[in-house]
Amino acid sequence: MNGYFGSYVVVAVLLLIGVAIFAGGLLANRALRPNRPTPEKLLTYECGIDPVGEGWAQSQIRYYVFTYLYVVFAVDAVFLFPWAMVFATPGYGLTTLVEMFAFLGLIALGILYAWRKGVLTWT
């Protein structure tokens, strides 16, 4: 298997072997598992309580807004930890300090906007 196309043949053979192992595992699981469906097993599971009503439930958009705010704070933390490590390095002090205050200023503007829109109030 030398040459340019020989490498592709090796990759294709390994890919086929991987797919065969994966499919074989799925088929073995399907063949060996017990299969005794009952009406109770086919019901929708809701924390151990029998389902009531339809399966459709609407959520308030406020929950998603809180999720986005959490992501903003998580990204803020992800940027703050490496900044704290680089800040002590000679030659980076003032530059990283100015960049971090610009970043925190943008985060503060976003939080101020959310507060002014009334998103941060829980009613």
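Trainee: Which residues does phenylalanine 66 touch, not counting residues up to four places away in sequence?

Mentor: Phenylalanine 66 touches Val119, Leu120 and Trp122, where contact means heavy atoms within 4.5 Å. The model is predicted: local features need pLDDT of at least 70, side-chain atom pairs count only at pLDDT 80 or more, and totals for chains, interfaces and linings use all residues. Residues are numbered from 1 along each chain as its sequence is written, and side-chain values use heavy atoms, with hydrogens and water left out.

Trainee: What is the mean pLDDT of the chain?

Mentor: The mean is 82, and 91% of the residues reach 70 or more; pLDDT is the predictor's confidence in each residue, from 0 to 100. Helices here are DSSP runs of H or I with at least four residues, strands are runs of E with at least two, and both are numbered from the N terminus.

Trainee: Why is phenylalanine 66 called partly exposed?

Mentor: Its relative accessible area is 25%. Buried means under 20%, exposed over 50%, and partly exposed in between, with a 1.4 Å probe and protein chains only. The value of 25% therefore makes phenylalanine 66, a residue of helix α2, partly exposed.

Trainee: What makes valine 11 exposed?

Mentor: Valine 11, in helix α1, has 55% relative accessibility, so it counts as exposed. By contrast, the C-alpha atoms of phenylalanine 66 and valine 119 are separated by 8.1 Å, at 53 residues apart along the chain.

Trainee: How do you know that the length of helix α3 agrees with its number of residues?

Mentor: The expected span is 1.5 Å times one less than the number of residues. For the 24 residues of α3 (residues 93–116) that gives 34 Å, and the end C-alpha atoms are 34 Å apart, so the two agree. Just after α3, glycine 118 takes a positive phi of about 85°.

Trainee: Why is α2 called roughly antiparallel to α3?

Mentor: The two helices pack at an angle of about 170°, with axes 11 Å apart. That angle makes them roughly antiparallel, because the term applies over 145 degrees, while under 35 is roughly parallel, 65 to 115 roughly perpendicular and the rest oblique. Axes are lines fitted to C-alpha atoms, for helices over the stretch in contact, and angles run from 0 to 180 degrees between N-to-C directions.

Trainee: Which residues of α3 are buried, and what do they pack against?

Mentor: The buried residues are Thr96, Met100, Ile107 and Ala114, and they pack against α2. The α2 residues that meet α3 include Leu69, Val72 and Trp83.

Trainee: What makes the pair of phenylalanine 79 and phenylalanine 103 edge-to-face?

Mentor: The structure holds 1 aromatic pair. The ring centres of phenylalanine 79 and phenylalanine 103 are 5.3 Å apart and the planes stand at 75°, so the pair is edge-to-face. Rings of Phe, Tyr and Trp (its six-membered ring) pair if their centres lie within 6.5 Å; planes under 30 degrees apart are stacked, over 60 edge-to-face and the rest tilted. Phenylalanine 79 lies in α2 and phenylalanine 103 in α3, so the pair ties together parts 24 residues apart in sequence.
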